[in-house]
Amino acid sequence: MIKPSADTTAVSRPQRRRPPLAAAVVQSLATAIVLGEYPPGTALPSAGELCEEYEVSRTVIREATTTLAEKGLVATRQGWGTVVLGQDQWSLLDPLVLDALFQREDRLVYLDNLIEIRTTLECAMAARAAGLIEEEQSAALSAKLDELAGLIDDPAAYSRADIEFHEIIHRASRDAFGRAIVSSIQGKAVRSPQYSGDPTREDIELTHEAHARVAAAVLAGDGEAAAEAMREHITSSWARRRPADTQDA
């Protein structure tokens, strides 16, 4: 039997090529839909109106609406045209949809949900990594922790290396789906100031101490301790940088 390697390169299904103009129209309309400019149940402007608004051909508009339908944002209704669907039908993990969600006024709801998802998946991955991590990955994790220690006075560089630290653990866990989900949602969230915050040196020092506890547990092969250290790290870090929810005030 061929044993799968610890880390394999994901092979994704080739995506249908879209003309650049269609991609731009898709991004604009997807953002408008997610931000509520076109509420569920309402129809998008006619093809002719969209052609005029975006200064493109009907072929480009047809391509764009087909793509929006693939993302679960719209559907064609006889006699109604292209109708906006409810959020329960949106492909929430689609990069364009995620990007727009994190621009909404209620984005904290989605950012809190992201933290819950990260906590569930990353705790499980940390526990798995503790039992599966290989020598080369152990060395990489230790080296990355040392690198992080030298970046405490550089928040931007620390943030980038922080993501790489977590990715080493994700790869060591061999959880391809968990790794893909976290990468997808966090890749968009980090661009939101409300998610990233404005960490002080004290914040970064606390984060680094938490990273050290996670690494120590993973390297010691203690899955239970690794999961708990990861849970404390993610939730406490978010508690420090989470902005006040004005909707609750």
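**Terms for the views.** A residue is called buried when its relative accessible area is under 20%, exposed when this area is over 50%, and partly exposed in between, with a 1.4 Å probe and protein chains only. This is a predicted model, in which local features need pLDDT of at least 70 and side-chain atom pairs count only at pLDDT 80 or more, while totals for chains, interfaces and linings use all residues. Residues are numbered from 1 along each chain as its sequence is written, and side-chain values use heavy atoms, with hydrogens and water left out.

View 1. The protein has 11 helices and 2 strands, where helices (H or I, at least four residues) and strands (E, at least two) are DSSP runs numbered from the N terminus. Read from the N terminus, the order of these elements is α-α-α-β-β-α-α-α-α-α-α-α-α. Along the principal axes, the C-alpha atoms fill a box of roughly 65 × 55 × 30 Å. Of the 249 residues, 41% count as buried.

**View 2. Ala139 in helix H6.** Ala139 belongs to helix H6, which covers residues 135–149. With a relative accessible area of 48%, Ala139 is partly exposed. Ala139 and Leu219 are 80 residues apart along the chain, and their C-alpha atoms are separated by 9.4 Å.

**View 3. Thr207 and the residues it touches.** Thr207 is part of helix H10, residues 201–219, and it counts as buried because its relative accessibility is 9%. When residues up to four places away in sequence are not counted, Thr207 touches Tyr158, Asp162, His233, Ser237 and Arg240, a contact being a pair of heavy atoms within 4.5 Å. For the protein in general, among contacts between residues at least 6 apart in sequence, 71% join residues at least 24 apart.

**View 4. A negative surface patch that includes Glu55.** Glu49, Glu52, Glu53 and Glu55 form a negative surface patch. Such a patch is made of residues with over 30% relative accessible area and no salt bridge, and like charges are joined within 9 Å; a salt bridge would be a side-chain nitrogen of Lys or Arg within 4 Å of a carboxyl oxygen of Asp or Glu. Glu55 is located in the loop between helix H2 (47–54) and helix H3 (58–70), and it is exposed, because its relative accessible area is 72%.

Terms used: Patches are made of residues with over 30% relative accessible area and no salt bridge: like charges are joined within 9 Å, nonpolar side chains (Val, Leu, Ile, Met, Phe, Trp, Tyr) within 5 Å. Accessible areas come from the Shrake-Rupley method with a 1.4 Å probe; for residues, only the protein chains shown count as cover. Lys and Arg count as positive and Asp and Glu as negative; His and the chain ends are not counted. The place of a charge is taken as NZ of Lys, CZ of Arg, CG of Asp or CD of Glu.
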